[in-house]
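Subject: Structure handover and notes

Hello,

Here is the structure we talked about. My notes follow it.

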Amino acid sequence: MCGIIGYCGHRPAVPLVLEGLSRLEYRGYDSAGLAYLQFDTLKVIRSEGKLSRLVDKVAQNANTFAPIGIGHTRWATHGLPVEKNAHPHKSYNGVLAIVHNGIIENFQEIKNVLLEKGYEFYSDTDTEVLANLIADELDNLFLEKFAHKFSDDRDFFVKKAQENFQEFKADMEEAFCRALQKAHGAYAVVMLSPLIPQHIMAARLAAPLLMGIGVGEYFVASDVPAFLPYTREVVFLDDREVAIVSTSSFEVKNILSRKIIEKEIHHIPWDLQGAAKDGYKHFMLKEIMEQPKVLRDCLVGRLQNTDILLPELDKISIPERIRIIACGTSYNAGLWAQYYLEQLGQIPVSVEIASEFRYRKPIVSKNELIIVISQSGETADTLGALRLCKELGNTVLGVCNVLGSSVAREADVCVYTQAGPEISVASTKAMLSQMVVLLLLAMYLGQRKNIGLEKRKIIIEELMRLPDILEKTLPVLREKAQIFAYKYTFAKSFFYLGRGTAFSLALEGALKLKELSYIHAEGYATGEMKHGPIALIDPDFPTFALLFDDEYFSKVRSGILEVKSRQGHVITLLQEGTTLDNDDLWYIPKTSLPEFLALPAMQLFSYEMADYLGKDVDQPRNLAKSVTVE
Ligand code: F6R
């Protein structure tokens with residue numbers, strides 16, 4: 001949660017920080033702020049609400065060419081989303097300001113100690129506590145050397161720093177590391193101080209942070225899009241690493257040993273266009289409409305006649321069982337894949353919600369392959385589950401979209417989903433890409449076990465046809481989505497029903513509708529309706545039903561008719577060549593993989609509903625793209 005950025009370079013920092021924040025706003029958007037140095041004075045501008053409010057405030061207040069700045073866009077964890085809690089937070093004495101993503105779990109203990117020492121706090125945040133802890137460590141060093149503290153004689157310290165900033169750099173670094181050693185929990189933190197005017201310092205523990213390496217300029221940010229227009233060369237910081245960045249160089253050290261670490265520079269293939277709206281009204285719409293390309297990108301290099309090529313996995317032995325662990329939409333993709341992995345790989349599969357799994361003291365057998373699915377690769381619960389499984393000695397396969405993310409780096413192997421940057425908070429194309437990769441994995445396991453060749457051939461043929469079919473179908477789906485969305489805006493609640501491979505899609509359809517339009521929605525297995533939920537059906541409680549031409553067809557049809565006979569309105573998504581006695585039929589072309597058309601149809605339905613109701617489609621209330629806190 002929260003997006004952070006720092007800049008050190010040859011250009012004015014404030015516009016760059018604001019631009020970076022606009023690309024990170026998907027990570028949190030309840031308040032925002034930035035800090036820069038006006039000569040030797042630390043300036044902080046903050047605002048409640050969305051980034052546009054900060055932009056207006058900066059336009060009125062900051063006319064600066066400062067080459068160094070830090071910024072933050074917040075998703076509240078400690079304290080209400082009001083200006084006093086917005087980042088950056090200054091230490092009480094003004095010696096430094098920090099932006100922070102994560103949670104300092106022992107902040108109250110630290111605060112109590114600082115309160116006893118006479119510190120004052122102006123916000124409810126753990127971040128302000130961390131800022132003061134660093135300042136306190138710095139004062140301890142200053143007391144030893146100069147026999148007085150920063151607040152006793154600010155001018156003395158600023159003048160001294162101008163004469164010999166190297167010495168102050170070492171002190172700042174020491175204080176920063178000492179404070180971070182005392183902080184428990186998670187942090188990605190960037191610091192700015194008038195005592196080291198040409199530098200920023202950054203560090204991470206269990207929260208994403210990376211550096212962009214430009215020509216004569218450096219960025220530190222939560223995610224690559226923040227600096228994508230300026231550089232695609234990236235250094236991924238690891239846990240307990242501190243980066244000391246100046247306008248001309250950078251150094252990375254271990255926070256505990258203070259030893260220098262040589263970091264590899266990675267080239268990121270994503271381009272700016274991938275992270276821009278491309279003329280669409282919303283990122284979400286763009287990301288839904290680019291799914292044919294995503295499908296193609298996921299398949300490139302992975303199919304050869306009837307063979308699935310996943311060389312990353314060749315060294316993994318065939319497991320006796322598979323356990324899939326994920327959250328939200330990624331969990332739904334995992335549930336969907338269970339059917340295919342069991343059918344095509346003939347391996348028993350269980351699927352778990354990461355936040356439940358990790359605290360249950362789960363019994364995991366050694367022969368289970370753990371698959372964690374995560375678009376961002378930074379979801380705290382998923383990462384926690386991954387780490388637990390590794391401690392238990394299991395092999396972990398990551399299915400992940402973001403290159404170099406924590407899941408990608410910590411899993412034993414990672415298969416990338418190739419969806420490109422997903423900016424809209426509601427996940428769309430990422431799920432489709434996860435489904436493709438998991439389907440390939442199911443076929444790959446079958447291939448390694450020498451089973452299911454005929455079935456594999458049929459699926460591969462269909463997968464190759466799908467991008468073109470989807471490309472032709474998407475505009476038609478959108479028109480239909482508009483018609484149905486407008487017709488059903490009266491609904492306060494919705495059921496989504498599916499069976500077999502459609503069940504997990506029903507869960508996903510319901511999730512998309514509730515998160516975007518704030519309409520209550522429940523996804524159910526069609527066969528479960530008669531065990532209780534059908535009691536809710538009346539003319540004001542409509543149903544979105546998925547009726548695929550598969551072995552469950554007649555049972556699902558009966559389920560839909562049961563709903564209809566209780567005066568429930570039903571939108572039925574079904575395949576050409578089948579029919580049903582119902583008014584609102586929504587046809588998709590016939591294919592043996594209807595899920596790849598049904599998913600975009602439901603995404604479009606939720607999109608159109610939310611847009612029609614005037615909701616904030618790309619940034620729904622209370623949400624953030626990457627849930628890096630528990
Ligand atoms: C819903 C959505 C979330 C994420 C979930 C997991 O639209 O985006 O439910 O799917 O927070 O995120 P990742 O896949 O990044 O681990």
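Is Ile213 buried or exposed? Ile213 is buried, at a relative accessible area of 12%. Buried means under 20% relative accessible area, exposed means over 50%, and partly exposed is in between (1.4 Å probe, protein chains only).

Some ground rules before the rest. This is a predicted model, in which local features need pLDDT of at least 70 and side-chain atom pairs count only at pLDDT 80 or more, while totals for chains, interfaces and linings use all residues. Residues are numbered from 1 along each chain as its sequence is written, and side-chain values use heavy atoms, with hydrogens and water left out.

**Around Ile213**

Ile213 sits in strand β9 (residues 210-213). Strands (E, at least two residues) and helices (H or I, at least four) are DSSP runs, numbered from the N terminus. Leaving out residues up to four places away in sequence, Ile213 touches Tyr218, Thr231, Glu233, Val235, Phe250 and Ile265. Contact means heavy atoms within 4.5 Å. Tyr230 is 17 residues from Ile213 along the chain, and their C-alpha atoms are separated by 8.8 Å.

**The cores**

The largest nonpolar core has 92 residues. A nonpolar core here is a set of buried Ala, Val, Leu, Ile, Met, Phe, Trp, Tyr and Cys residues joined through side-chain atoms within 4.5 Å. Phe494 and Phe605 have the most contacts inside this core. Helix α13 (residues 429-448) gives the most to it, with 13 residues. Apart from this core lies another, of 42 residues, including Leu114, Ile134, Ile196 and Val242.

What does Phe605 touch? Beyond residues up to four places away in sequence, the list is Ala481, Phe484, Ala485, Phe494, Tyr496, Leu513, Phe544, Ile571 and Trp586.

At 1.5 Å a residue, α13 should span 28 Å, and its end C-alpha atoms are 29 Å apart, which agrees. The expected span is 1.5 Å times one less than the number of residues. After α13 comes Asn450, with a positive phi near 55°.

Helix α15 (residues 501-517) has 17 residues and should span 24 Å; its end C-alpha atoms are 25 Å apart, in agreement. In α15, 13 of the 17 residues are buried, so α15 too is largely enclosed by the rest of the structure. Just after α15, Tyr518 has a positive phi of about 60°.

**How α14 meets α17**

Two packed helices are described by the angle between their axes and the distance between the axes. For helix α14 (residues 453-487) and helix α17 (residues 595-612), the axes come within 8 Å and cross at roughly 35°. Axes are lines fitted to C-alpha atoms, for helices over the stretch in contact, with angles from 0 to 180 degrees between N-to-C directions. The crossing is right-handed, meaning that the near helix is turned clockwise from the far one by less than a right angle.

The contact includes Leu466, Arg478 and Phe484 of α14 and Pro600, Phe605 and Glu608 of α17. Its residues divide into 18 nonpolar, one polar and two charged. Here Ala, Val, Leu, Ile, Met, Phe, Trp, Tyr, Cys and Pro count as nonpolar, Asp, Glu, Lys and Arg as charged, and the others, Gly among them, as polar.

**Backbone points to check**

Most residues other than glycine have a negative phi, and most peptide bonds are trans. These are the exceptions I noted:

- His87 and Pro88 are joined by a cis peptide bond, with omega about 0°. Pro88 is in the loop between β4 (68-74) and β5 (89-90).
- Phe39 has a positive phi of about 55°. Phe39 is in the loop between β2 (31-38) and β3 (41-48), and counts as exposed at 77% relative accessibility.
- Ala206 has a positive phi near 60°. Ala206 lies in the loop between β8 (199-205) and β9, and is partly exposed at 25% relative accessible area.

**Distances along and across**

Met1 lies in the segment before β1 (3-8) and is buried, at 1% relative accessibility. Met1 and Val627 are 626 residues apart in sequence and 5.3 Å apart in space, C-alpha to C-alpha. Leu115, in helix α3 (residues 107-116), is partly exposed at 41% relative accessibility. From Leu115 to Ala276 it is 161 residues in sequence and 46 Å in space, C-alpha to C-alpha.

Best wishes
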